[in-house]
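Here's a quick briefing on one residue and the pockets of this model. Have a look at the sequence and structure first.

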Amino acid sequence: MKLIVSIVQDVDSDNLVEEITKVGFRVTKISSTGGFLKSGNSTLLSGIEDEDVEDYLNIIRNNCKTREVTKTIQTINIPGQAMIPTPIQVKVGGASAFVINVEKFKKY
Ligand code: 2BA
């Protein structure tokens, strides 16, 4: 069994959970925050049998879109000068998925 931890954009998460559960996989959704943008995203946890991993990853691939967002960073050109807010475009991935070996899975 594998534990698949995937970080997805909030806007894709409801539909993704729907598609994951529709075919019988189980999922837990956790609200999370990206360290770079400091904005909300969603982390999904699923325990998946080895032979189903590719099917599960395909569902993620088909339901998460890459989008561009604007982030304002503070830049300074000369020491002692005021900080200048500078907008930059950041491409946020459809999903970042980690597939982790599960040593043991028990339900009580
Ligand atoms: P954030 O950390 O808020 O990052 C959002 C997007 O900002 C990233 O998209 C990436 O395109 C960009 N980015 C991140 N750090 C950067 C940096 N130091 N310089 C320039 N651009 C940077 P994604 O790579 O698609 O990541 C989306 C979210 O997935 C991340 O949100 C984070 O919450 C999570 N994530 C991605 N890779 C991760 C990893 N290796 N470990 C843990 N969480 C990860």
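Strands here are DSSP runs of E with at least two residues, numbered from the N terminus. This is a predicted model, where local features need pLDDT of at least 70, side-chain atom pairs count only at pLDDT 80 or more, and totals for chains, interfaces and linings use all residues. Residues are numbered from 1 along each chain as its sequence is written, and side-chain values use heavy atoms, with hydrogens and water left out.

**Asparagine 41**
- You'll find asparagine 41 in strand β3, which covers residues 40-48.
- Asparagine 41 has a relative accessible area of 16%, so it counts as buried (under 20%, 1.4 Å probe, protein chains only).
- Its side chain makes a polar contact with the side chain of serine 32 at 2.7 Å (an N or O pair within 3.5 Å, one able to donate a hydrogen and the other to accept it).

**Largest pocket**
- A pocket is an open set of points on a 1 Å grid over the protein atoms alone, where a 1.4 Å probe fits, with protein on both sides within 12 Å along at least five of seven lines; lining residues have an atom within 4 Å of a point.
- The largest one has a volume of about 310 Å³, taken as the space filled by probe spheres set on the points.
- It is lined by 20 residues, and Gln9, Leu37, Asn41, Val92 and Gly93 are the closest to its centre.

**Second largest pocket**
- This pocket's volume is about 170 Å³.
- Its lining includes Met1, Arg26 and Phe105.
- Strand β3 gives the largest share of that lining, 3 residues.

Methods: Helix = DSSP H or I, 4+ residues; strand = E, 2+ residues; numbered from the N terminus. Buried < 20%, exposed > 50% of the residue type's maximum accessible area, 1.4 Å probe, protein only.
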